[in-house]
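Welcome! Take a look at the chain below, then try the exercises and check yourself against the worked solutions.

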Amino acid sequence: MARMALGGGRRALPGRLGSVWEGVNSTFWFLPGSILTGAVLLCVGTLWLDRRLHGELSGLPLLLSGGPDAARTILSTVAGSMITVVATVFSLTIVALQLASARYSPRLLRNFTENRGIQFVLGAYIGTFAYALLTLRAVRRSSDGGAYVPHISASVAAVLAFGCVGLLVYLIHHVASVIQASSILQEAHRRTIQSMCHLRDLGTSRRGTSAAAWEEPQEDPFVIRASRSGYVQHVNLEAMADALSVPGGRVLAELPFGPGSFVSAGMPLARVWAPRGLEEGSVEELHLAFYFGRERSFRQDFAFGIRQLVDVGLRGISPAVNDPTTTMQALDRIEAILVALGSKELPEPVRLMERDGGSVLLKVGFYGFDDVVGLAFDELRRSCFAGEQVSVLERLVEVARRTMEANGLPQRRRALWREVYAVARVAPGSLSDPADAAGLLERAAEAGGYLLQTGQVPEVRCGLEEISRLAGGLPGGQKARRAAEAALGGPS
């Protein structure tokens, strides 16, 4: 068992290293620190060239001329101006990002700190400052009247300064673009689609998976509790199977927390039913199979992007902001994500994995399609009714209707229909204008008619009958009632 635990550690290590690298690579200091290191190495290289070619480059038009005083003046000006611009420009940048975070969502501030354009400009300014400062140390005047001026290094410092002027213009334009609602929503959408790449396509099979039924044993399990609090960013199921497997035996493990879940220290991280108990080292390997962070990550948690889009949408329809257009833009991106999800399979909650003649059955708390749809629509629907944002409600029903076409599985269409029916059921009693409620009922009836034609969601008929009854009690609801009755008259 010790050997198998070691194997689990080897499997867990790449996953943990990947999460650590993702965390380090996304920090605000990593790229600027790398550029600063490169600037120091560049200074070492140019100073070496100056010493190697000293006296052979005098008179070249591309190199700075003059004595030590001129070189000191140029390098001092470059170093001083760089640090001044960094302090001023990035103070204004942070203020702009804070305003954007307050307007859209504080969870989006991480997208700004991870922005490569902002990081590169910061690194370029700091690197140029360090380069000029180190080059300044090499300029000297001897007591006998001799002097040493690193012409190549001083010329490179001047070129870097001119480049930083161009980067200043780029930074102003880039920050103005980044804080726009369209750019924020596009970035959340892009990262969500990228996170969905690890999901396999519908109809494909994967070795080690199974739709086996979960039957919890009667005996008490061995409970493994979390040693720290945090969000689950990565779960390595292969490492878990290696750590728990028993040759020729069957082990069951229930893992209630999947990627995106928050775990408090002391909560049950796993419940294990093993024929001979857990061997030494298995508990440690199970802990290594989980990677925790202080916030959610896109690595295995594509729903985090939907969470960000919903947050932006909620801010848009809040009384303090009152910007329903931004909310509808968020719904546009949610639609694109749900349509892309139509060709993907979500992680199986129960997975059977074979190891050394034995088997490990894992039950993991992955979210299902119903959870994703509820996250995308529920909070927005309730907030829209509270503020009577009818245009956003119409767009929400339209998004659900169009997403039904891309998600052909009956259980997925059932989840989408529940959202449409929830809008229709609440509209007559929540909207002050009966015409608005009738319009929503008509849209819901059209969506139900589409599903009824497919014959995959039989409970739609009951929903359409309820929509017909509600429309009949509304002034001006005849059109919605006729749409519901027309849908009911079609093939079931």
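The exercises that follow go from model confidence to a helix residue, a sheet, a strand pair and some aromatic rings.

This is a predicted model, in which local features need pLDDT of at least 70 and side-chain atom pairs count only at pLDDT 80 or more, while totals for chains, interfaces and linings use all residues. Residues are numbered from 1 along each chain as its sequence is written, and side-chain values use heavy atoms, with hydrogens and water left out.

**Exercise 1. Find the mean confidence of the chain and the place where pLDDT stays under 50.**

Step 1: recall that pLDDT is the predictor's confidence in each residue, from 0 to 100. Step 2: the protein chain has a mean of 85, and 87% of its residues reach 70 or more. Step 3: residues 1-13 stay under 50. For this stretch the model has 28 contacts (heavy atoms within 4.5 Å) beyond four places in sequence.

**Exercise 2. Describe the surroundings of His 189.**

Step 1: locate His 189 in helix H7, residues 181-195. Helices (H or I, at least four residues) and strands (E, at least two) are DSSP runs, numbered from the N terminus. Step 2: judge its exposure. Buried means under 20% relative accessible area, exposed over 50%, and partly exposed in between, with a 1.4 Å probe and protein chains only. His 189 has 16%, so the residue is buried. Step 3: list its contacts. Leaving aside residues up to four places away in sequence, His 189 touches Arg 333, Ala 336 and Ile 337.

**Exercise 3. Work out the strand order of the five-stranded open sheet, and explain why S3 and S9 stand at the edges.**

Step 1: the order is S3-S7-S5-S10-S9, with mixed pairing. Two strands pair if DSSP finds at least two bridges between them. Step 2: S3 (222-225) and S9 (350-355) each have a single partner strand, so one side of each lacks a neighbour in the sheet. Step 3: from one strand to the next, the twist averages 20°. Step 4: look at one pairing. S3 and S7 (residues 268-273) run antiparallel and are joined by four bridges; Arg 225 stands opposite Pro 268 in S7. Axes here are lines fitted to C-alpha atoms, for helices over the stretch in contact, and angles run from 0 to 180 degrees between N-to-C directions.

**Exercise 4. Sort the residues of strand S8 by the way they point.**

Step 1: remember that side chains in a regular strand alternate between the two faces of the sheet. Step 2: in S8 (residues 290-293), Phe 290 and Phe 292 point one way, Tyr 291 and Gly 293 the other, and all are buried. Step 3: find the partner. S4 (residues 230-235) runs antiparallel to S8 through four bridges, and Tyr 231 stands opposite Gly 293.

**Exercise 5. Classify the ring pair Phe 298 and Phe 304.**

Step 1: rings of Phe, Tyr and Trp (its six-membered ring) pair if their centres lie within 6.5 Å; planes under 30 degrees apart count as stacked, over 60 as edge-to-face and the rest as tilted. Step 2: the whole structure holds six aromatic pairs. Step 3: in this one the centres are 5.1 Å apart and the planes lie at 50°, so the pair is tilted. Step 4: Phe 298 is buried at 7% relative accessible area, and Phe 304 is buried at 5%.
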